[in-house]
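Here is a short report for a reader new to this structure. Please look over the sequence and the model first.

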Amino acid sequence: MTTLTELNQIEAGAFVERLGGIYEHSPWIPERAAAARPFATLAALKLALQEVVAQASAGEQLGLLRAHPELAGRAAIAGELTQESTGEQAKSGLNRCSPEEFATLQRLNAEYNAKFGFPFILAVKGPTGEGLTRAEVIATFTRRLRNRPQDEMAECLRQVHRIAEMRLNDLLGVQLEFGPRLMRQLEEIGAWSDEQDGLTCAYMTPAHRRTAQQIGQWMQDAGMAVHTEDAGNVVGRYASADPQAKTLITGSHYDTVRKGGKYDGRLGIALPIAVIRHLNERGERLPFHVEVVAFAEEEGVRFKSTFLGSNAVTGRFDMALLDQQDAAGVTMRDAIAANGLDPARIPQAARRKEDVLAFVEVHIEQGPVLLERGLALGVVTAIAGSSRFLVELSGVASHAGTTPMTMRRDAAAAAAEIVLLVERRCSGQPSLVGTVGQLQVPGGSVNVIPGRCSLSLDIRAADDTVRAAAVNDILEGIREIASRRGIDASIQQIVAADAAPCAPWLMEQLGQAVERAGLPRFDLLSGAGHDAMAMAALTDVAMLFTRCGNGGISHNPLETMTADDADIAARVLLDFFRSFQPNT
């Protein structure tokens with residue numbers, strides 16, 4: 001078994017030979033990385049190899065991709081694969097394809113090579129290292145065939161690094177302590193849904209209740225005292241030896257959007273539970289209490305009200321929301337009571353500021369920034385503020401064939417112009433983004449000029465002044481468009497959330513823990529809203545982001561991450577807990 005110490009100490013030629021099978025037929029990669037020794041951690045070695053590829057010429061990168069075999073291709077049939085590739089393809093059963101599967105893969109290989117000029121590359125051992133199914137391989141192959149060439153080349157290089165990462169683990173005999181178990185846990189609760197098609201876990205549904213019960217069991221098994229608050233939050237407390245100590249809170253939400261991903265929110269619950277289990281198994285207590293809070297609701301799917309769980313903890317739960325109804329006419333009050341909880345006692349969940357040290361949330365990035373930089377982790381600087389609106393446009397529905405273009409009051413044409421206005425105004429300014437996520441023509445017909453159109457606006461920025469200026473310009477622009485086109489515009493604001501900056505003293509301590517793990521500290525903005533945003537009303541907050549795969553996609557079944565990234569995030573959080581220094 002090779003060790004990192006050996007790799008640091010052996011001469012350069014031996015180093016290249018030891019790592020010869022890590023990157024397929026490409027010894028130039030370890031050759032160039034050898035000069036960067038010694039590597040303090042395995043993560044640092046992986047990053048150095050990755051950096052060599054990033055700095056290579058386009059021709060060298062293309063050569064690296066072309067050095068890889070096709071999946072279930074000619075080299076596999078002829079027995080010409082490297083030992084590593086043979087084992088990896090067998091892990092996914094690609095050596096046991098049915099005739100139909102084999103024919104499909106041959107067709108996909110041919111179409112892919114014709115389009116891109118290099119073979120399709122996929123880390124077939126998958127995010128967990130346990131292997132993708134043949135159906136998953138074929139589905140991924142089919143989906144990526146639609147990518148643009150530059151995007152697909154970047155994705156192939158990322159897959160090459162993922163393959164190398166797992167090969168290095170095997171070479172060094174690495175057994176990930178946290179990652180595989182976390183992935184299994186998130187897979188388990190990710191199968192419990194309100195709907196058969198995809199993961200939907202809305203507030204106070206049967207799937208929601210089952211998920212809460214399982215999280216509570218994980219907390220109990222990890223050595224925490226567990227209780228459920230009346231807003232549905234599941235709280236695990238790992239007490240300090242000092243009863244008078246203050247509390248560091250961590251956690252995230254366990255509800256999901258409709259047809260969402262398995263890691264959004266839930267990673268930030270399961271991961272700190274795993275860290276507490278590690279401490280408890282060693283009889284290690286911290287000089288402060290730790291509370292892991294599984295917030296019951298953040299997404300606003302069922303009752304159209306977000307941050308219910310974290311607002312209960314901060315003492316800002318709006319009791320008037322209890323009369324909100326879902327699509328079936330069930331009130332929030334009745335839904336909570338049906339789960340054996342008492343809505344009247346929700347205010348009792350509020351924490352006292354003087355008892356809390358800080359709030360730290362681990363979360364998938366839900367974007368492509370870390371992925372494109374090849375980094376597993378990032379330290380969040382701020383959570384962008386958000387302004388959301390519903391816009392109703394009313395024109396005149398009339399005959400599509402007899403109404404001259406100059407005499408139309410077309411609501412959909414006005415909406416189209418508004419979409420482009422939002423895109424134009426929100427482009428070119430750092431951290432400012434604008435989205436029209438909903439666009440509808442109620443009762444539309446192919447031969448009728450649209451008389452009504454509704455759309456949503458979502459404007460976000462890390463700087464509230466920048467966001468406010470953009471909102472003002474866009475609303476003024478909507479009024480101008482409506483007036484010019486003879487359209488009536490009704491604008492309703494539904495969300496107004498200020499930006500939440502992360503506390504520099506917490507960011508510094510998180511950043512130091514990241515660096516001790518052998519990774520560079522990288523700071524980035526969160527464009528998505530998180531429970532930390534609401535918790536900022538109670539205490540200082542910080543966030544640690546983990547990398548998302550599949551182009552950074554989230555709120556989608558394709559949302560993914562790797563066991564290795566989950567593992568290093570857990571080790572960083574453990575280090576952060578052990579070295580934590582309260583703000584003075």
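Predicted model: local features only at pLDDT ≥ 70, side-chain atom pairs only at ≥ 80, totals over all residues.

Residues are numbered from 1 along each chain as its sequence is written, and side-chain values use heavy atoms, with hydrogens and water left out.

**Helix pairs**

Two packed helices are described by the angle between their axes and the distance between the axes. Helices (H or I, at least four residues) and strands (E, at least two) are DSSP runs, numbered from the N terminus. Axes are lines fitted to C-alpha atoms, for helices over the stretch in contact, and angles run from 0 to 180 degrees between N-to-C directions.

Take helix H17 (residues 411-425) and helix H18 (residues 464-485). Their axes come within 10 Å and cross at roughly 155°. H17 and H18 are therefore roughly antiparallel to each other; that term applies to angles over 145 degrees. The crossing of H17 and H18 is right-handed, meaning that the near helix is turned clockwise from the far one by less than a right angle.

Which residues of H17 meet H18? They are Ala 413, Ala 414, Glu 417, Ile 418, Leu 421, Val 422 and Arg 425. On the H18 side, the residues include Ala 469, Asp 473, Gly 477, Ile 481 and Arg 485. Contact means heavy atoms within 4.5 Å. By class, the contact of H17 with H18 has 10 nonpolar, 1 polar and 5 charged residues. Here Ala, Val, Leu, Ile, Met, Phe, Trp, Tyr, Cys and Pro count as nonpolar, Asp, Glu, Lys and Arg as charged, and the others, Gly among them, as polar.

Now take helix H11 (residues 179-189) and helix H12 (residues 206-221). They pack at an angle of about 155°, with their axes 10 Å apart. H11 and H12 are therefore roughly antiparallel to each other. H11 brings Gln 185, Glu 188 and Ile 189 to the contact, and H12 brings Thr 211, Gln 214 and Trp 218. The classes in the contact of H11 with H12 are 2 nonpolar, 3 polar and 1 charged.

**Cysteines**

A disulfide is a covalent bond between the sulfur atoms of two cysteines. The cut-off here is a pair of sulfur atoms within 2.5 Å. The structure holds 0 disulfides. The sulfur of Cys 201 has its closest cysteine sulfur in Cys 548, 19 Å away, so the gap is too far for a bond. Cys 548 is in no disulfide either; its nearest cysteine sulfur, that of Cys 502, is 17 Å away.

**Buried residues**

Buried means under 20% relative accessible area, with a 1.4 Å probe and protein chains only. The table lists residues that count as buried.

| Residue | Relative accessible area |
|---|---|
| Cys 201 | 0% |
| Cys 548 | 0% |
| Ser 454 | 10% |
| Ala 570 | 0% |
| Thr 205 | 11% |

The contacts below leave out residues up to four places away in sequence. Ser 454 is in strand E12 (residues 452-461). Ser 454 touches Val 391, Glu 392, Gln 438, Leu 439 and Gln 440.

Ala 570 sits in helix H21 (residues 563-579). Phe 178, Leu 271 and Val 275 touch Ala 570. Ala 570 and Ser 240 are 330 residues apart in sequence and 20 Å apart in space, C-alpha to C-alpha.

Thr 205 lies in the loop between H11 and H12. Thr 205 touches Asp 194 and Arg 302.

Terms used. Parallel < 35°, antiparallel > 145°, perpendicular 65-115°, else oblique. Buried < 20%, exposed > 50% of the residue type's maximum accessible area, 1.4 Å probe, protein only.
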